[in-house]
Amino acid sequence: MSYNFDQRLLHQTFVLDHDNYDVGMLRVNGIYYQLQSDLPVSIGDVVYVADIVGNQLIVQKGDTGDDSI
């Protein structure tokens, strides 16, 4: 069985700020992921990683998880 590093991001919450967010991309540990959300997101928003598809993080707006990075 192979381990997928990206799976560690599931159910994590992030605050989008100037250090990690730029035009639909979230940087985590030096890796850029595209964000996909049903609502528009912007700097200052808290997002919850609900799913990962390829290099896209499917996020929901709001703090619905327990862990913050």
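Of the 69 residues in the chain, 30% are buried. The model is a predicted one, and its secondary structure consists of 7 strands and 0 helices, which follow one another along the sequence in the pattern β-β-β-β-β-β-β. The accessible surface of the chain amounts to about 4,500 Å², and carbon and sulfur atoms account for 50% of that area. When contacts between residues at least 6 apart in sequence are considered, 47% of them join residues that lie at least 24 apart.

Confidence deserves attention before any detail is read.

| Strand | Residues | Mean pLDDT |
|---|---|---|
| E1, highest confidence | 12–15 | 94 |
| E7, lowest confidence | 67–68 | 50 |

Where pLDDT is low, the predicted coordinates should not be read in detail.

Glutamine 36 belongs to strand E4, which covers residues 31–37. Is glutamine 36 buried, partly exposed or exposed? Because its relative accessible area is 40%, which lies between the limits of 20% and 50%, glutamine 36 counts as partly exposed. If neighbours within four places in sequence are set aside, glutamine 36 is in contact with Gln56, Leu57, Ile58 and Val59. As for valine 53, which stands 17 residues away from glutamine 36 along the chain, the C-alpha atoms of the two residues are separated by 9.8 Å.

Note on methods
Residues numbered from 1 in each chain as written. Predicted model: local features only at pLDDT ≥ 70, side-chain atom pairs only at ≥ 80, totals over all residues. Heavy atoms only, no water. Helix = DSSP H or I, 4+ residues; strand = E, 2+ residues; numbered from the N terminus. Buried < 20%, exposed > 50% of the residue type's maximum accessible area, 1.4 Å probe, protein only. Contact = heavy atoms within 4.5 Å. pLDDT = per-residue confidence, 0-100. Areas by Shrake-Rupley, 256 points an atom, 1.4 Å probe, with all protein chains shown as cover.
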